[in-house]
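Please view the sequence and the structure together.

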Amino acid sequence: MSKEKNALEEIELLEQKIEELRTFSKEQNIDLFDNIKSLEDKIRLIKEESHQNLNAWDRVQLARHIERPTTLDYIQYLISDFVELHGDRAYGDDSAIVGGFGFFQDQPVTIIGHQKGKTTKENLQHNFGMPHPEGYRKALRLMRQAHKFNRPIICLINTAGAYPGKEAEERGQSEAIARNLREMAGFSVPIICIVIGEGGSGGSLGLGVGNHLYMLENTYYSVISPEGAASLLWKDSSKAQQAAQSLKLTPQDLLELNIIDGIIPEPLGGAHKNIALQAEYLKQHIQSSLEDLNALSKEDLIKHRYKKFRAIGSFSE
């Protein structure tokens with residue numbers, strides 16, 4: 001990450017120089033367009049090279065950054081008149097998953113996502129973004145409501161995995177996730193899923209069955225965490241960096257494997273460096289996705305989702 005830090009510092013210096021040139025140009029009425037454009041081109045090249053130099057483990061660390069924008073952060077930028085709903089109508093409310101309805105570009109939508117915190121207190125409140133069964137059942141209740149009222153569903157994924165504690169298993173953790181997978185496959189409304197941070201195991205899949213699946217540039221999506229894979233394969237969690245490379249969990253890997261539909265760019269240094277800009281990138285992709293999916297009939301939306309998941313993977317005899 002030292003290369004990324006150096007790149008950030010160089011960009012800051014170049015941006016200061018650009019601002020000085022613009023001020024000088026305005027005050028002295030001198031045309032410095034070529035000079036400014038040259039510096040802007042240099043900034044763009046630095047950003048491109050910096051992103052290309054990140055390895056799988058670097059992206060895992062950025063996906064886990066404590067200041068990374070959360071579902072509620074993005075809702076503030078993307079959804080107007082948002083109304084949050086609570087509870088699964090069976091056991092209780094789970095703050096590791098948040099959701100409700102509002103308007104995206106004047107279109108009614110339901111938005112649901114894993115919620116982490118940015119402080120120890122917030123993380124304890126949201127169980128570090130690891131849902132209990134009632135969290136997935138709450139999500140399913142909101143999705144059924146969206147299906148009933150013909151609202152598109154937007155799912156934001158950011159969890160290390162479903163909570164593995166005894167009480168979660170007692171209340172049917174695996175059944176709750178499995179039911180979400182089954183029912184999401186059959187909803188006749190557009191479903192857009194976006195990995196905004198960690199995409200860990202079945203905990204992320206419980207919100208991951210959609211017509212379109214996108215990942216932010218510095219995120220991961222995997223059947224197991226790098227630490228967990230290292231512990232299983234080599235009995236040594238310190239080999240997590242090696243495991244991250246082997247798991248093919250980056251957006252670039254998954255796009256090549258035809259598992260995701262696109263990569264959403266991030267500001268240099270990660271999404272937390274400019275939340276407003278990151279939210280704008282999300283808005284552009286959601287808007288484009290909805291334009292495509294809104295044109296499909298209810299039956300075609302289900303067929304589209306079915307074909308998408310049937311096309312994942314390959315085998316040879």
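The sections below cover the basis of the model, a helix pair, a single helix and a glutamate.

## Basis

This is a predicted model, in which local features need pLDDT of at least 70, side-chain atom pairs count only at pLDDT 80 or more, and totals for chains, interfaces and linings use all residues. Residues are numbered from 1 along each chain as its sequence is written, and side-chain values use heavy atoms, with hydrogens and water left out.

## Helices H10 and H11

Helices are DSSP runs (H or I, at least four residues), numbered from the N terminus. The axes of H10 (residues 226-234) and H11 (residues 240-247) cross at roughly 100° and come within 8 Å. H10 is therefore roughly perpendicular to H11 (65 to 115 degrees). Axes are lines fitted to C-alpha atoms over the stretch in contact, and angles run from 0 to 180 degrees between N-to-C directions.

In contact (heavy atoms within 4.5 Å), H10 residues including Pro226 and Trp234 meet H11 residues including Ala240 and Leu247.

## Helix H13

The 19 residues of H13 (residues 275-293) should span 27 Å at 1.5 Å a residue, and the end C-alpha atoms are 26 Å apart, which agrees. The expected span is 1.5 Å times one less than the number of residues.

Buried residues (under 20% relative accessible area, 1.4 Å probe, protein chains only) of H13 are Gln278, Ala279, Leu282, Ile286, Ser289, Leu290 and Leu293. They cover an arc of only 100° around the axis, so they lie on the same side of H13; the arc is that of directions from the helix axis to the C-beta atoms.

## Glutamate 134

Glutamate 134 is in helix H6 (residues 133-148) and is buried, with a relative accessible area of 5%. Not counting residues up to four places away in sequence, glutamate 134 touches Asp88, Tyr91, Gly92, Asp93, Asp94 and Arg171.

How values were computed
Helix = DSSP H or I, 4+ residues; strand = E, 2+ residues; numbered from the N terminus. Parallel < 35°, antiparallel > 145°, perpendicular 65-115°, else oblique. Buried < 20%, exposed > 50% of the residue type's maximum accessible area, 1.4 Å probe, protein only.
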